[in-house]
Amino acid sequence: MDKVDQFESVFRSATKELFHYGILPIRTVLIVTDLCGSPAERFAAKVRALMATVRNGDECSFVTIDGERFTSAKDLLDLVEAQRPDLIASYRCLHSEAWRWAFTLGAHIDVLTQSTTTPVLLMPHPDDSGEAAGSESTVKTDRVMAVTDHLTGDEHLVNAALAFTEPSGTLFLTHVEDDATFERYLGVVGRIPEIDTEFARELIETQLLKEPHDYIRSVSAALRLANVACTIEELVSMGSHVKEYKALVEANQVDLLVLNTKDEDQSAMHGLAYPLAVELRDTPLLML
Amino acid sequence: MLATILSLIPGDAAGAANHTPPAGVTYLFCGLLVGLILCLAFEERLHAKKSIIAGLFAVVCLLLGAAFHILPFQDVLIGAIPISLPEGLLPSDWSPAHHIYGGEHAVHMPVYIPAVDWGVIAIILGSSLFVDVTSRSGLFTWIAIRLTKLSGGDPRKLLWFYGLMTVVFSAVLNNVTAMIIVGSLSAVSLGKLKRSNLLLAFLLTEGLLTNIGGLLTLISSVPNIIVGQAAGISFVRFFIVASPFVLVTTLLTLWMAVRVFKIPRLSGVPERLEAEELVASFDENDGIDSVGFFWFGAAMLALFIAVIATTSVLPWVSSLGMGYVALSFALIMLLRYRSSADRFYQTVDWDLLGFFGALFVVIYVMEHAQVLHLIGQGVGLLLGLGPNGSTASLLVSAAGFSSVTDNIPLAAMLANILKAQAAQAPELISSGHWWAVIFGANLGGNLTPIGSASTLVAVTVMHKHKLPLSFIGFVAKALPYATLHLFIAVLYVLFVVPFLA
């Protein structure tokens, strides 16, 4: 019954994931630094300046944990557990010199992002005085980009990105469909005589890109309905994840990148998040 | 068996057609017809498509028909027109009932070509292409999704809306396409509403309603087309006669289904809000690639129905017939996809068309083997029961036969028999008999899952969604409805049809 399947597909395609606008509650921000004294204060001030641009950010309370209060990841986790913050703000490679090389996030951040459900705001690494490189970009969230390889239905990601986008700002909703995986499957399709390879390529590619496109339309509609001021820009394409995202971040002069780090299938960080977090060292990241 | 057949074959196989074959030959072809009907009834078990089964029987029938000299191999006369001759030139055996033709030219044609009713084939091919291309405009899915949203996700409202949509789609498109559209929508929407437990009830009800909706117009089902063409019933007359019955039985069926399957209503505001949100996620515009083509499709569908309805009275078009109309509309719609029209040709149900072609050939041979005459004698016994008794028994027996085998051969056979009876003894055949065949052939499909193509589609969707329903299970669930439908149909044909027809 090919036709039954044909019409079921038509109706399934007409069923869209709808976006529901929700406010991300951020009441307590825990600032974690390995600096001490005034450099730690300067870093904390930078975080507070950034949070001031966030929707309802002026209602946040801030707690700072400086470098003297922890050394191991276990110490830090205990402190986080005690505070139960809504957001942790920190930077790469705490208590380590490894931040100079773009290969790792450091043990503390690795553990924090995976063992707690609290979002982590990853700032560019500050110098010894507490000032960050590219300091201008760390105090505004005018151009925010949500990054994922599966945008459709990801309300948490979009609402978090919205919360960090200034009301007059632009939120880039992106979805890059991995070229390599697509080509791998198309390679298999190309060996099946019953399937027209070019037809399959055209249809599958169109459908893969249509779903995030529809979802972004539903985000815009929901924001209009909720009277939320924000410009939504759609960036949906095929490509190589890390390469494409680095190009998009550069091309759009993004102030903040929002991305998921949890992966249901593994305890390590999500496959797309880790390389981006390691390589995009000058752009603040909100890691969910 | 082979020896028996060979002993019946006359010496000169290439001799002229003999139209009164020996009784043994007639019984042999009778056996072949029973074999065909049985094979079609067990089509699923045989794992063979209808076209293959009927095609094989057609091949064997033609070969035996040639061997027994029962087929007319003469040239076919084309373009013959009735002519008037002065009284003195008329043949001695001439009577006003016989026309004299002239102006024709003889064409050599394989015997199986004029055997096929190409008008019926053209209607089926044209309308299926037209419906397929029109469905690409997103029109039918738009209607289906709008109704789903209108229900607010309430299961009971959904059943009523889907039921009415099934009937209308069956009438306007055909019952198989209607079942495919509404059945697949039911599966998706009930899944979305987390009400998949109601899918069996929905599919069964929709399956039954396709056969009721299939009665609404002349082009809604193949038996309607075959019998309607044979009886000379126009589209409008068909609709006038059938629509009151369709309306009453549709409402009764839906009312019964709600009670029998205990289809609930939404209770409480939270449940209603949740359901509303779930159906709101359907986007009726998703399937519309071009708004212009959508409206063109809607306009063409309305025009198609209007032209089909008035074919018999439209100048020039009436001579060309409904097949011409269906093919023309299909061609106009295909202009939108002129560079990729071959994709639509691939989606045509060639199995169905091949089946019809082969079936017409088998029936043609049966006619020449006097098998139809023999069955006609059986039908004559029914006709001997008096006007009411014959009509009621014809309806019930047609329903009984079509419940276990395909209703198309039944309709084709009975149409030929009634036509022959009407020519021989017009006083014996009333309009009620034709309508008895139409109602019986359609409604018989509701008795078993193999009774009609659309109920078979309903069962296929059930199995696709892992809903267990055996043959007996289907009969047990459908019997109360089918009995009610047949009871109303008998009363309707006996007491209402004479006034409307």
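This is a predicted model: local features need pLDDT of at least 70, side-chain atom pairs count only at pLDDT 80 or more; totals for chains, interfaces and linings use all residues.
View 1. Residues are numbered from 1 along each chain as its sequence is written, and chains are lettered from A and ligands numbered from 1 in the order in which they are written. Helix α7 of chain A covers residues 197–225, and its end C-alpha atoms lie 42 Å apart, which agrees with the 42 Å that 29 residues should span at 1.5 Å a residue (the expected span is 1.5 Å times one less than the number of residues).

**View 2. The buried face of α7(A).** Pro212(A), Tyr215(A), Ile216(A) and Val219(A) are the buried residues here (buried: 20 or more other C-beta atoms within 10 Å of the residue's own; exposed: 12 or fewer; partly exposed: in between; C-beta atoms are placed from the backbone). They pack against α5 (155–163), β6 (170–178) and β7 (231–239) of chain A; contact means C-beta atoms, placed from the backbone, within 7 Å.

**View 3. A kinked helix, α14(B).** Helix α14 of chain B (residues 317–334) has 18 residues, yet its end C-alpha atoms are only 21 Å apart, short of the 26 Å a straight helix would reach at 1.5 Å a residue. Look for the kink of about 65 degrees centred on Gly323(B) (the bend is the angle between axes fitted to the seven residues ending at a residue and the seven starting there). Gly323(B) is itself buried, and so are Met322(B) and Phe329(B), among others in α14(B). The buried residues of α14(B) pack against α5 (118–135) and α13 (291–310) of chain B.

**View 4. Two helices packing in chain B.** Helix α18 (residues 386–404) and helix α19 (residues 407–424) of chain B pack at about 145 degrees, with axes 8 Å apart (axes are lines fitted to C-alpha atoms, for helices over the stretch in contact; angles run from 0 to 180 degrees between N-to-C directions). Ala398(B), Phe401(B) and Ser402(B) of α18(B) meet Asn407(B), Leu410(B) and Leu414(B) of α19(B).

**View 5. Where the chains touch.** Here 13 residues of chain A are in contact with 21 residues of chain B.

Note on methods
Helices (H or I, at least four residues) and strands (E, at least two) are DSSP runs, numbered from the N terminus. Two residues are in contact if their C-beta atoms, placed from the backbone, lie within 7 Å.
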